[in-house]
Amino acid sequence: MEGSVRPGDPSGSEVAPPPYVRVESVVKRFGDFTAVNGVSLDIQKGEVFCLLGGSGCGKTTLLRMLAGFESPTSGRILIDGQDMAGIPPYERPVNMMFQSYALFPHMTVSGNVSFGLEQEGLSKAEIRDRVDEILGIVHMQEFLHRKPHQLSGGQRQRVALARALVKRPKLLLLDEPLGALDRKLRERTQFELLGIQERLGVTFVVVTHDQEEAMTLATRIGVMNRGEIVQTGTPRQIYEYPATRFVADFIGSVNLFEGQLVEDEADHVRVRCPELPVPVYVDHGVSAAPDGPLWVAIRPEKMLLTHEAPASGDNWARGSIKDIAYMGDISIFVVVLAGGREVRVTQTNIARSVGESFSWGEEVYLVWDASSPVVGAG
Amino acid sequence: MAGPTVKVGQVGDPERFTPLWAAYYRFGPPRWEPWLRRSGAGRKLVIGIPLVWLCLFFLAPFFIDFKISFSETRLAMPPYAPLLEWGPDHALSFHLHLANYRFLLSDALYVSSYLYSLKVALISTLLCLLLGYPMAYGIARATPTARNLMLMLVILPFWTSFLLRVYAWMGLLRNNGIINSLLLWLGVIDQPVQMMQTDFAVYVGIVYSYLPFMILPLYTNLEKHDPALLEAAADLGARPMRAFLRVTLPLSFPGIAAGSLLVFIPVIGEYVIPSLLGRPDQLMIGRVLSDEFFSNRDWPVASAVAIAMLALLVVPIVLLQRVQARREEA
């Protein structure tokens with residue numbers, strides 16, 4: 001059985017199981033605007049799948065189609081092998097946590113959470129048990145009789161989560177789940193959310209425009225742009241090996257250089273960029289057509305600032321420091337190269353002296369490893 | 001020319017400064033806003049204007065009316081006896097005449113008019129609610145263009161005189177009116193249906209005239225509802241009807257209350273519609289009031305009728321406010 005393990009399979013199970021959610025070339029048009037344009041996706045049971053993209057990229061529309069609030073113009077959506085066409089939201093095995101939380105303002109916390117169970121026609125005692133249980137999980141037992149307007153943002157978020165989870169859905173849809181929380185609370189809630197997800201074994205589909213949120217929550221990310229999924233992969237794959245220039249630019253910050261291929265081997269490539277004094281040497285191959293224009297992406301944290309001139313004939317640049325931003329844990333430097341091109345470099349402040357050794361206007365060298373750059377065509 | 005030149009009126013010439021100008025120069029233009037804020041004068045003004053209006057045109061007339069309701073009728077000008085009177089022995093005498101109220105209770109005409117008014121008001125309010133709720137809901141859910149058009153249509157009847165519209169209904173409902181003629185011509189009936197001077201005509205007239213007062217507050221409420229709430233209800237397994245009953249209906253209670261009061265209160269005292277369309281044998285209290293006042297010239301009894309009507313209205317309003325306050329507390 002060992003041989004059949006797929007390297008990209010995040011669940012790591014022996015045989016690839018049938019996907020729990022399957023989206024088959026789904027298109028959604030509103031009038032002559034195409035919100036979702038031929039998206040195909042497989043999501044496995046137990047995954048936390050993040051749909052990441054800017055506003056208007058179609059991620060929310062896709063989520064709403066999974067919930068049943070919109071129906072696809074063409075294509076199919078299958079959940080647990082069942083075609084969802086024509087199945088209204090109230091009959092789907094899916095629950096959603098709304099961006100605005102959409103708590104019922106006239107009901108108490110317990111009223112909100114028990115609402116879904118009442119629709120199932122469960123007995124009063126069972127409803128009470130399940131509401132107690134789920135409110136325990138989200139630490140909201142004391143607030144049973146409060147109304148939503150008497151709760152803080154973080155508490156409302158918990159109630160919204162409890163209300164969706166109490167139905168024991170196999171698939172939970174979360175629309176910007178942490179969007180309304182402040183930074184400190186987000187970090188804590190993020191980990192709690194994952195804890196709950198693991199404990200209950202629910203499959204999560206999360207929509208977010210915030211890459212940090214996507215990175216920490218997701219087992220896999222689907223980056224969306226203009227109604228299409230441009231890349232799917234683990235957070236690491238997306239960050240380290242962006243497939244397109246859009247992904248490279250969208251996820252994290254990056255220095256992008258235009259260039260031409262000068263050397264193309266199976267194990268390495270060399271790219272000449274007009275903005276850089278020496279070629280960029282990359283120790284992995286490039287899959288694109290070699291004669292077209294290329295882009296080279298280097299992450300700011302993968303560059304090193306130094307005063308010493310590098311000995312190597314590749315992978316360095318020279319410039320003067322234009323700006324320094326001291327962020328505490330890291331420092332951000334903006335270095336102006338000879339041609340006027342600005343490059344962003346970050347240095348981790350592992351020692352107190354790191355940030356102090358560079359000052360404005362200083363001439364410095366930027367050096368990076370041959371494994372760091374990512375090269376693509378287009 | 002010898003001697004110093006004096007630049008008259010130049011700013012910065014301290015000798016030309018009056019104390020007021022000095023203050024202006026030192027502190028800048030007067031700033032009323034902090035003072036307004038601190039003293040709350042602005043707030044007092046905003047509340048004060050309607051307060052003065054209500055005192056002048058509601059509270060004062062009410063007290064005059066209240067006073068008259070305790071006097072005796074008299075053939076004089078004004079046609080009632082004063083409460084305070086200098087007797088022949090120059091003693092100030094105070095006559096509190098309760099007979100008017102006793103009379104209201106003892107005479108079957110008044111009691112039955114009150115009950116009839118209550119019945120008509122309750123049923124019309126209910127009919128307005130049943131008709132107006134779906135209309136308001138439809139308007140609130142329509143596209144912005146359609147919504148404006150529909151709101152316009154709701155308000156449009158106000159552009160013609162109320163009296164004229166009631167007369168128009170007479171033309172429709174008469175025995176030889178449009179509806180009867182049409183039904184006769186179609187052969188649905190062979191005798192004109194008596195619609196005028198029935199309860200039916202009263203309800204038609206009242207519901208027609210007061211429907212906008214139900215629709216508008218309901219619309220304002222329903223339009224504010226977050227559509228995500230209904231989606232959430234559907235997501236949690238509630239069919240559309242359940243979602244409506246559990247989410248939309250309870251949330252629209254303030255709109256229902258406002259609309260119902262706006263219909264119920266004026267209908268209790270309605271005079272024109274029942275007089276023109278209604279039964280001659282069963283009067284509503286507004287008609288009784290006007291008859292007492294203008295035909296009988298019995299101001300004290302008329303005043304007593306008015307005060308009793310007010311009492312009749314105050315009870316449901318206070319009850320409703322209680323309910324609403326309790327809902328907000330919970």
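The model is predicted, so local features are reported only where pLDDT is at least 70 and side-chain atom pairs count only at pLDDT 80 or more, whereas totals for chains, interfaces and linings use all residues. Residues are numbered from 1 along each chain as its sequence is written, and chains are lettered from A and ligands numbered from 1 in the order in which they are written. Helices (H or I, at least four residues) and strands (E, at least two) are DSSP runs, numbered from the N terminus.

**Domains of chain A**

- The domain assignment of chain A, with bounds that come from an automatic or database domain assignment, gives domain 1 as 2–93 + 169–240 and domain 2 as 253–377.
- The centres of domain 1 and domain 2 of chain A, taken over C-alpha atoms, are separated by 34 Å.

**Contact between chains A and B**

- Counting two residues as in contact if their C-beta atoms, placed from the backbone, lie within 7 Å, 17 residues of chain A are in contact with 15 residues of chain B.
- On the side of chain A that touches chain B, the elements that give two or more residues are β6 (94–97) and α2 (109–119) of chain A, and α2(A) gives the most, with three residues.
- That side of chain A has nine nonpolar, five polar and three charged residues, where Ala, Val, Leu, Ile, Met, Phe, Trp, Tyr, Cys and Pro count as nonpolar, Asp, Glu, Lys and Arg as charged, and the others, Gly among them, as polar.

**Sheets and strand pairs of chain A**

- Two strands pair if DSSP finds at least two bridges between them, and an open sheet of five strands in chain A has the order β13-β12-β11-β14-β20, with antiparallel pairing.
- At the edges of this sheet stand β13 (280–282) and β20 (374–377) of chain A, each with a single partner strand, so one side of each is left without a neighbour in the sheet.
- Neighbouring strands of the sheet β13-β12-β11-β14-β20 in chain A are turned by 40° against each other on average, direction ignored.
- Within it, strand β14 (residues 294–298) of chain A runs antiparallel to β20(A) and is joined to it by four bridges, with Val374(A) in β20(A) as the bridge partner of Ala297(A).
- Strand β16 (residues 316–326) and strand β19 (residues 363–368) of chain A run antiparallel and are joined by five bridges, and Trp316(A) stands opposite Val367(A) in β19(A).
- Strand β1 (residues 21–30) and strand β4 (residues 74–79) of chain A are antiparallel and joined by five bridges, with Ile79(A) in β4(A) as the bridge partner of Val21(A).
- Ile79(A) also has Gln82(A) in β5(A) as a bridge partner, and β4(A) pairs with strand β5 (residues 82–83) of chain A in the antiparallel sense over two bridges.
- The hairpin of β4(A) and β5(A) has two residues between the strands, and in it Asp80(A) takes a positive phi near 55°.

**Helix packing**

- Axes are lines fitted to C-alpha atoms, for helices over the stretch in contact, and angles run from 0 to 180 degrees between N-to-C directions.
- Angles under 35 degrees count as roughly parallel, over 145 as roughly antiparallel, 65 to 115 as roughly perpendicular and the rest as oblique.
- A crossing is left-handed if the near helix is turned anticlockwise from the far one by less than a right angle, and right-handed if clockwise.
- In chain A, α2(A) and helix α3 (residues 124–137) pack at an angle of about 125° with their axes 10 Å apart, which makes α2(A) oblique to α3(A), and the crossing is right-handed.
- In chain B, helix α9 (residues 199–223) and helix α12 (residues 253–268) pack at an angle of about 155° with their axes 8 Å apart, which makes α9(B) roughly antiparallel to α12(B).
- The residues of the contact of α9(B) with α12(B) divide into 13 nonpolar, four polar and no charged.
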